Each structure stands twice: as structure tokens, then as C-alpha cells.
Amino acid sequence: MKKVVFTLLILSLFLVSGGYSNCVLAAELTAEEIMERVDENEYLESARMEAKMIIEDRGRETIKEMYSYTKGENSLSEFTNPRDRGTRYLKLGDDLWMYFPAAEDLVSISGHMMREGMMGSDFSYEDIMESQRLTELYNFELQGEEVINGRDTYVVSAVAREDKDASYYQRKIWIDQERFVILKEEYFSTGGRLLKVMEVKEVKEFPGQRWFPVEVVMNNKLKAESKTTLQIKELDFDYDIPESKISLETLE
């Protein structure tokens, strides 16, 4: 009798603590709800970032350093390493410009150029400049669960909505079940060809129980012996950015 009472007591404590309800809720999450939680973590409403790109191409390593300001769908990025110092990128909605300080030249980047590697990296201009929530661009389907580097993940398939201009037609996404942050992505063309693979090497918790990837590796499957590591050194969420900071006037 005592054993039965003890078992019921432990079970009741588990239920009160939310253990059972959390398990049920996690099991009942739809693909859309999972991705909404990912957007809550990874979408940058207004932020300042300092980062470094380590580009490895056929045995050669190049390092690029940069900082960027993001406000909704607009952003301004500037490179600070000696070779590229002063080179800036400005995104206003769907428009992208690049400024070369040495030539005092302003170039508009559009069309197929958006898919080229930014500064010779495995990240395309589209990758770096993508600013919309994933839930605004794709339809999702929950495919199952897998373990990635010891972490339980949801596996979600994403297909671009017909009325949206998404960077990739299809993605396969692995999401940490506890922290709701992306740990791995595969990017596919409309014909189903694997284009790139992105893997997260480090995730950091920020104030407000917000998780964000601070080291990711992008591998372009169309380039032999090539990969780029993006390391985020500083990231300030909800950074107060004046409207005039992200503008064509600031770019030049």
C-alpha cells in the first residue's frame, strides 16, 4: 500500500511540475508551430552584430571581419579587415547595393548575381541578406525526429510558397527540440539538387531565454574543397538604430 501511495505522489509531483504537459505539448506541435518558435529565436527585428568569416577554398584560408546593423528587412554591413576595409553592403527591402571605397563606386546587385558568393565565401548574397521570417516564405511538413550531435531534433521539410521570392525552393531543417534553434539545414534547387549544407557548431543563450547560433559552417556542394565558417563575436538584440543609419546616404 505504501509503495502505491509513494508512486502516486511522485506521479502527481511530475504532473504539477509540468513534465507530462510539456511532453504532450512537444509531441503535438505542428511543423508550423515549430518554425514559429524558431523565428522567435532567430529573426532579428533590430540588431547590431560583429562577425568573422573564415573562407577555406582548396587549401587556402581567407579571413573577413565585419559588422552589421539590421532593422526589419533592411540592413547595412561593413567589412573591417585591412584588405576590404570600408567595403559596404546595403539592403533596402529587395534591393541590394555594394560600395567599393577605393574606386568610390556604387554597384547594384540583382538577379543571378544574388546567388554568387559574398566576398568569395560559400554564403551567397541571398544567404547573408535574407531578412524575412521563414514562416512568411515557406510551407512546412514535419518529417520525423533525429539526433544531431547528441541533441534531439525535429526534421522539417520547407517548400517555398508560390507567391514568395525565397532564396531556395526547398530546405530540409533540423531543429533542436528543447531550444528551438536550427542545428542543420540542406538547401535544394527546384529540380531537387542538393546545393548547400549548413551546420551549426555553437549555440548561445541570450537574455530572455533566447537561443541563437553563433558559429555556423556553410558548405557549397557545387564547389570542390570549399567551406566558410561564420563566427558571431558580438550580437545586440533590440539595438536602437536610427532610420538614417541604414540608407544610401550612409552607404557612400
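The model described here is predicted. Asp238 belongs to the loop that runs between strand S13 (226-237) and helix H6 (248-251). In sequence, Asp238 and Leu44 are 194 residues apart. In space, the C-alpha to C-alpha distance between Asp238 and Leu44 is 8.1 Å.

One cavity of 30 Å³ or more was counted. The space in the largest cavity comes to about 930 Å³. The lining of the largest cavity is made up of 41 residues, and those closest to its centre are Glu42, Asp127, Ile128, Glu130 and Phe212. Strand S12 (residues 210-220) contributes six residues to this lining, the most of any element. When the lining residues of the largest cavity are sorted by class, 22 are nonpolar, nine are polar and ten are charged.

The packing of nonpolar side chains was considered next. In soluble globular proteins, nonpolar side chains tend to be buried together. In this model, the largest nonpolar core contains 54 residues. The members of the largest nonpolar core that touch the most other members are Met35, Tyr89, Tyr125, Tyr138, Phe140, Ile175 and Leu235. Another core, of eight residues, lies apart from the largest one. Tyr69, Leu76, Leu90 and Trp97 are among the residues of this other core.

How values were computed. Residues are numbered from 1 along each chain as its sequence is written. This is a predicted model: local features need pLDDT of at least 70, side-chain atom pairs count only at pLDDT 80 or more; totals for chains, interfaces and linings use all residues. Side-chain values use heavy atoms; hydrogens and water are left out. On a 1 Å grid over the protein atoms alone, a cavity is a set of points where a 1.4 Å probe fits but cannot get out, and a pocket is an open set with protein on both sides within 12 Å along at least five of seven lines; lining residues have an atom within 4 Å of a point. Grid points are joined across faces, edges and corners, and a volume is the space filled by probe spheres set on the points. Helices (H or I, at least four residues) and strands (E, at least two) are DSSP runs, numbered from the N terminus. Ala, Val, Leu, Ile, Met, Phe, Trp, Tyr, Cys and Pro count as nonpolar, Asp, Glu, Lys and Arg as charged, and the others, Gly among them, as polar. A nonpolar core is a set of buried Ala, Val, Leu, Ile, Met, Phe, Trp, Tyr and Cys residues joined through side-chain atoms within 4.5 Å. Buried means under 20% relative accessible area, exposed over 50%, partly exposed in between (1.4 Å probe, protein chains only).
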